[in-house]
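Please open the structure in your viewer and keep the selection tool at hand.

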Amino acid sequence: MACQHPIVIIGGFLVDWTAYQPLATTLETTCRVPVAIVPLTQASWLYASVTGSYRSLLELTHTTVEKACREHAAGRLNFVTHSAGGIVARLYLGDENYDGVAYRGHRRTATLITLGCPHASLLSWTRRTMDFVNGCYPGAFYGTVQYVAVIGRAIRGAFPGTLAEMAAYQSYRLVCGDGTVWGDGVVPVESGQLDGATNYICEGIQHVPNRADADWYDAVLARWVRHLE
């Protein structure tokens with residue numbers, strides 16, 4: 001398939017941007033358009049968690065978007081995001097001031113795809129930002145943007161249980177308050193869906209990218225890549 005618009009990838013919490021290079025290569029080959037990755041590092045995410053603000057992540061996103069649009073003479077683009085990167089993108093699309101800035105990225109966004117994104121979360125350091133996003137831009141908010149939310153169903157949390165089940169239990173409990181639900185090992189299925197979006201639940205897909213022993217969201221690429229414009 002061929003897309004019309006460049007793709008920008010926004011990675012997830014504490015995952016260095018270089019982990020998404022294989023995905024970028026796959027998307028370039030599949031969609032035949034340029035792909036850029038927002039250069040978020042573990043330090044970028046730690047700073048955001050300490051300050052409780054995604055402002056610095058938005059600035060890096062804006063710089064990447066501006067460069068991609070300028071270099072490829074693009075008026076619109078597609079976002080492919082992983083985990084908390086989906087929240088960064090939803091903020092970037094918005095018209096309302098967030099910590100003194102509003103980028104209004106919806107005007108140049110064709111499609112927003114979220115992979116394993118916690119669209120609802122009880123985590124304390126994300127709570128202010130999450131409340132802002134869901135209060136100002138609930139669900140698939142902008143009618144000019146195509147929203148696609150993909151979530152894996154690989155592990156049911158349990159305590160006691162296997163190491164994977166207990167880790168999932170702790171993560172699910174922090175995100176949604178119930179550790180015994182199904183999810184991708186980090187994000188519960190319910191939290192990974194977005195009202196009004198095209199939602200996919202993918203069996204066996206786990207949260208962390210590039211693991212040799214588990215399928216990540218690129219394993220179900222065919223299900224969601226067709227929505228890129």
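Begin by selecting Ser171, which counts as buried because its relative accessibility is 16%; buried means under 20% relative accessible area, exposed over 50%, and partly exposed in between, with a 1.4 Å probe and protein chains only. Ser171 belongs to helix H6, residues 163-176. Helices (H or I, at least four residues) and strands (E, at least two) are DSSP runs, numbered from the N terminus. Now display Gly185 and Val186: leaving aside neighbours within four places in sequence, Ser171 is in contact with these residues, where contact means heavy atoms within 4.5 Å.

Before continuing, note that this is a predicted model, in which local features need pLDDT of at least 70 and side-chain atom pairs count only at pLDDT 80 or more, while totals for chains, interfaces and linings use all residues. Residues are numbered from 1 along each chain as its sequence is written, and side-chain values use heavy atoms, with hydrogens and water left out.

**Helix H4**

Select helix H4 next. Of its 9 residues, 9 are buried, so H4 is largely enclosed by the rest of the structure. Among them are Gly85, Ile87, Arg90 and Tyr92.

**Salt bridges**

Side chains of opposite charge can pair when their charged atoms come close. A salt bridge is counted when a side-chain nitrogen of Lys or Arg is within 4 Å of a carboxyl oxygen of Asp or Glu. By this rule there are 6 salt bridges.

Select Arg55 and Glu59, which form one of them, with their closest N and O atoms 2.9 Å apart. Where do Arg55 and Glu59 lie relative to each other in helix H3? They are 4 residues apart in this helix (residues 55-71), and therefore separated by about one helical turn. Arg55 is partly exposed at 29% relative accessibility, and Glu59 is partly exposed at 33%.

Move on to Arg108 and Glu66, whose closest N and O atoms are 2.4 Å apart in another salt bridge. This pair links distant parts of the chain, 42 residues apart: Arg108 is in the loop between helix H4 (85-93) and strand S4 (109-115), and Glu66 is in helix H3.

Then select Asp99 and Arg128, a salt bridge with its closest N and O atoms 3.0 Å apart. Asp99 lies in the loop between H4 and S4 and Arg128 in helix H5 (residues 127-136), so the pair ties together parts that are 29 residues apart in sequence.

**Aromatic rings**

A pair of aromatic rings is described by the distance of the centres and the angle of the planes. Rings of Phe, Tyr and Trp (its six-membered ring) pair if their centres lie within 6.5 Å; planes under 30 degrees apart count as stacked, over 60 as edge-to-face and the rest as tilted. The whole structure holds 14 aromatic pairs. Select Tyr137 and Phe141: their ring centres are 5.7 Å apart and their planes are at 65°, so the pair is edge-to-face. Tyr137 is buried, with a relative accessible area of 3%, whereas Phe141 is partly exposed at 38%.

Finally, select Arg153 and Trp182. The charged end of Arg153 sits over the ring of Trp182, 4.1 Å from its centre; this requires NZ of Lys or CZ of Arg within 6 Å of the ring centre and within 35 degrees of the ring normal.
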